[in-house]
Amino acid sequence: MKGPHPIFFVGLGLFGLYCIEFGVVGILPLIMERFHVTATRAGLLVGLFALVVAVGGPPLVLLASRVNRKRMLAGALLFFAAISVWSAYAPGFESLLALRLLAALLHPVYFSLAMVAAIAMYPPGQAARASAHAFVGTSMGMVLGIPLTTWIAAAFSYETSFFFCAAANGIAALGLMIWLPQAPAGAQLSYGKQLGILRKPVLWLNIAAATMVFAAMFSVYAYAAEHLRHIGMDGKAISVMLLVFGLGGLLGNLLAGHLLGKRLVLTVLLQPLLLAFAYVILHLFATPAAMTGLVVIMLFWGAAHTSGLVVTQVWLSSAAPEAPEFATGLYIAFINLGVTIGAVVGGSFIASSGMRGSIASGLTFALLAAALVAFKTLLYDDASRRRIGSGMALLKSGK
């Protein structure tokens with residue numbers, strides 16, 4: 001009897017991983033009450049997690065790149081499951097924070113190896129499709145992790161929300177141990193050769209573009225609930241709209257994966273431009289008085305936002321195919337940096353200009369990202385210039 005495709009368990013592991021990272025946001029009030037800490041202190045559970053991922057990602061991925069991939073993936077997921085169970089019974093805030101920081105150390109390791117494992121399951125030339133399928137788990141974890149853990153904690157208990165994350169990671173680990181094929185044997189790339197990709201200017205341009213895309217995404221998304229509240233929606237309506245946003249994100253990721261396989265550069269260039277357009281219509285037309293229109297706006301925003309995951313990952317990895325694990329480690333580090341930049345700058349714009357300030361911040365970063373993609377393409381890739389030109393001609397002709 002044929003078993004399930006291992007890409008399902010890779011994606012489930014990514015879902016569990018992002019439930020660990022972002023799910024805690026949904027139970028921050030319970031954590032504050034349980035450990036008698038302020039909102040600012042409780043926020044360290046998210047902020048320091050991202051900082052550890054950003055700083056520790058590249059060196060840890062480099063070290064893990066020479067370990068058996070299947071064992072490393074399954075082992076990391078079992079570690080996440082154990083961390084989740086221990087977190088449910090953490091006796092104090094400091095111990096909970098320490099457990100999360102331990103999980104953050106293996107976050108970039110699992111993410112990087114999972115992307116490489118996903119691509120290895122598909123025929124050559126289908127890297128974008130493989131990444132898109134794996135990123136379904138990432139998208140669901142990022143978008144649904146918060147409302148799911150919130151609901152589970154409210155319906156059952158604080159501890160059960162952690163058990164949910166543990167179960168997702170444990171099942172994913174078991175599935176990978178049974179159904180993930182071993183990576184084909186071959187010469188392992190030395191650490192020196194992997195580090196050699198850092199000398200490639202084209203890689204740094206791709207890194208800069210990916211960082212700007214995530215800064216654009218989280219300049220606005222970090223304050224999504226407040227945007228919806230600002231236009232007059234209550235808590236229940238906001239949660240529904242965020243679920244609509246998540247549905248748009250899932251569809252956007254799959255569509256982006258399909259388009260990347262056909263027109264890589266044009267898709268990468270259009271993603272930040274479409275994100276900028278989503279911000280414009282969000283600012284100009286989002287109102288609960290026109291609910292159908294608001295649903296359409298949220299679907300479009302979700303698709304433009306979440307497609308940034310697969311688009312930037314494929315774009316960055318394409319600059320260093322000789323060291324995919326280390327390149328993906330750099331990717332996860334710099335997109336976390338982009339998240340931090342976007343949230344901080346968006347917040348400062350809000351402080352000075354009100355809620356429209358985060359829209360201005362998102363637009364600025366999105367246009368910077370598009371400019372970097374265009375600059376890199378024109379500077380380094382004649383073939384890409386031809387693809388952009390033919391793509392633009394198709395758009396103008398309406399075909």
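Reader: In which helix is the place of L78?

Author: The model is predicted, so that local features need pLDDT of at least 70 and side-chain atom pairs count only at pLDDT 80 or more, whereas totals for chains, interfaces and linings use all residues. Residues are numbered from 1 along each chain as its sequence is written, and side-chain values use heavy atoms, with hydrogens and water left out. Helices are DSSP runs of H or I with at least four residues, numbered from the N terminus. On that numbering, L78 belongs to helix α5 (residues 69–88).

Reader: What is the volume of the largest pocket?

Author: On a 1 Å grid over the protein atoms alone, a pocket is an open set of points with protein on both sides within 12 Å along at least five of seven lines, and lining residues have an atom within 4 Å of a point. The lining has 29 residues, with F22, V25, I146, Y221 and A222 nearest the centre. Domain 1 (1–181) and domain 2 (196–379) each give at least three residues to this lining, their bounds coming from an automatic or database domain assignment. With grid points joined across faces, edges and corners, and volume taken as the space filled by probe spheres set on the points, the largest pocket has about 1100 Å³.

Reader: How many nonpolar residues are in the lining of the largest cavity?

Author: A cavity is a set of grid points where a 1.4 Å probe fits but cannot get out, and the whole structure holds four of 30 Å³ or more. The largest cavity contains about 120 Å³ of space, and its 14 lining residues include C19, I20, R100, F162 and C165, the closest to its centre. Ala, Val, Leu, Ile, Met, Phe, Trp, Tyr, Cys and Pro count as nonpolar, Asp, Glu, Lys and Arg as charged, and the others, Gly among them, as polar. By class, the lining has one charged, five polar and eight nonpolar residues.

Reader: Which element supplies the largest share of the lining of the second largest cavity?

Author: This cavity holds about 80 Å³ of space. Its lining includes Y18, E21, H107 and N336, and α1, α10 and α15 each supply at least two residues. The largest share, four residues, comes from α15.

Reader: How many residues apart in sequence are the parts that E159 and R34 tie together?

Author: A salt bridge is a side-chain nitrogen of Lys or Arg within 4 Å of a carboxyl oxygen of Asp or Glu, and the count comes to four. In one of them, the side chains of E159 and R34 meet at 3.0 Å, N to O. Because E159 lies in helix α8 and R34 in helix α2 (residues 28–35), the pair ties together parts whose separation in sequence is 125 residues.
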